[in-house]
Amino acid sequence: MAAETLSEQILRENATVFEAMVKHRFVEDIVMERLSPQVFERYLVYEGAFVETAISIFAFAAAKAETIEQKRWLIAVLDALANQQIAYFERIFAERNIDPGAYDLNVAEVDAFRTGMLDIARNGGFLDTVAAMFAAEWMYWTWSKRAARSSFADPHLKEWVEMHADDEFAAQAKWLKQELDVAGDALEASERKRLSAIFGRAQQLEIAFHDAAYV
Ligand SMILES: Cc1ncc(C[n+]2csc(CCO)c2C)c(N)n1
């Protein structure tokens with residue numbers, strides 16, 4: 001039995017890159033109430049496209065999951081992505097008069113994030129996807145809890161931050177953490193290191209993705 005859970009090991013080994021992401025300029029601009037609407041809107045378009053990719057990522061995870069409990073959980077995640085998250089983007093784009101088609105999605109960092117995360121899900125095992133999405137979700141929950149204490153002039157930004165500080169989103173991030181910890185106890189040190197490196201790579205891709213909204 002490992003003295004340290006797998007998620008503890010992952011968060012320890014990747015503390016520097018995790019801190020860099022939760023203190024990214026995009027996050028600090030939200031906390032300091034100075035995120036420009038242009039940056040937020042460009043981010044929303046990139047982000048809306050990523051949520052569609054997330055459906056494919058979690059669909060790979062649902063296919064590769066071994067137990068019916070895991071499959072049931074992931075089907076609920078897929079339902080929330082398709083019917084709540086996508087609906088958020090449709091409504092926000094309409095209310096802000098954003099035409100996502102007018103934006104160039106062919107941005108190197110946005111494409112690297114999409115293909116990098118999708119390749120992990122397509123080519124890797126179930127736990128590879130869990131490690132990558134743990135990186136994405138634990139990070140969002142962490143900074144959103146802090147940012148939710150700020151005040152917001154923009155109701156759509158407030159709603160976006162509150163969605164990721166919410167108990168329902170926290171439960172999703174904690175589920176990924178728990179899956180890593182339960183499976184991690186039986187894994188070789190080399191396999192734990194490999195999963196930790198996937199977390200680190202996902203965090204690097206996230207940093208570049210959030211940089212891209214500033215061009
Ligand atoms: C760039 C980016 N990274 C992470 C998240 C966090 N997140 C919120 S919902 C979801 C998919 C399934 O739950 C993920 C990963 C995000 N929104 N955008």
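**Ligand shell, core and local backbone of a predicted model**

Helix α7 gives the most to the shell around the ligand, with four residues. The structure is a predicted model, in which local features need pLDDT of at least 70 and side-chain atom pairs count only at pLDDT 80 or more, while totals for chains, interfaces and linings use all residues. Residues are numbered from 1 along each chain as its sequence is written. Helices (H or I, at least four residues) and strands (E, at least two) are DSSP runs, numbered from the N terminus.

**Ligand shell**

- The residues around the ligand are E47, F50, A54, V77, L81, M133, A136, E137, Y140, Q172, E206 and F209; a residue counts as near a molecule or strand if its C-beta atom, placed from the backbone, lies within 6 Å of it.
- Two or more residues of this shell come from each of α4 (37-64), α5 (68-95), α7 (126-147) and α10 (189-212).
- By residue class, the shell holds eight nonpolar, one polar and three charged residues. Ala, Val, Leu, Ile, Met, Phe, Trp, Tyr, Cys and Pro count as nonpolar, Asp, Glu, Lys and Arg as charged, and the others, Gly among them, as polar.
- Y140, one of the shell residues, is found in helix α7.
- Y140 is buried, because 21 other C-beta atoms lie within 10 Å; the terms are buried for 20 or more other C-beta atoms within 10 Å of the residue's own, exposed for 12 or fewer, and partly exposed in between, with C-beta atoms placed from the backbone.
- From Y140 to S151, eleven residues along in sequence, the C-alpha to C-alpha distance is 18 Å.

**Nonpolar core**

- The largest nonpolar core has 51 residues, of which A131, A132, F134, A135 and M139 touch the most other members. Such a core is a set of buried Ala, Val, Leu, Ile, Met, Phe, Trp, Tyr and Cys residues joined through C-beta atoms within 7 Å.
- Helix α7 gives the most to this core, with 13 residues.
- Beyond its neighbours within four places in sequence, A131 is in contact with L180, L195, I198 and F199; contact requires C-beta atoms, placed from the backbone, within 7 Å.
- In soluble globular proteins, nonpolar side chains tend to be buried together.

**Annotated region**

- UniProt, in an unreviewed entry, lists residues 20-214 as "domain: Thiaminase-2/PQQC". UniProt positions are given in the numbering used here, feature names are shortened, and annotations may be inferred rather than shown by experiment.
- Over residues 20-214 the chain is 81% helix and 0% strand, with the end C-alpha atoms 16 Å apart.

- In helix α1 (residues 6-13), the buried residues are L6, S7, Q9 and I10.
- Seen down the axis of α1, these buried residues fall within an arc of 160°, so they line one face of the helix; the arc is that of the directions from the helix axis to the C-beta atoms.
- The buried residues of α1 pack against α9 (167-184) and α10.
- E168 is found in helix α9 and is exposed, with 10 other C-beta atoms within 10 Å.
- The C-alpha atoms of E168 and G184 are separated by 24 Å, the two residues being 16 apart along the chain.

**Positive phi in loops**

- Most residues other than glycine have a negative phi.
- E33 has a positive phi, near 60°, and lies in the loop between α3 (25-31) and α4.
- E33 is partly exposed, with 13 other C-beta atoms within 10 Å.
- N97 has a positive phi, near 55°, and lies in the loop between α5 and α6 (108-123).
- N97 is exposed, because 7 other C-beta atoms lie within 10 Å.

Methods: Contact = placed C-beta atoms within 7 Å.
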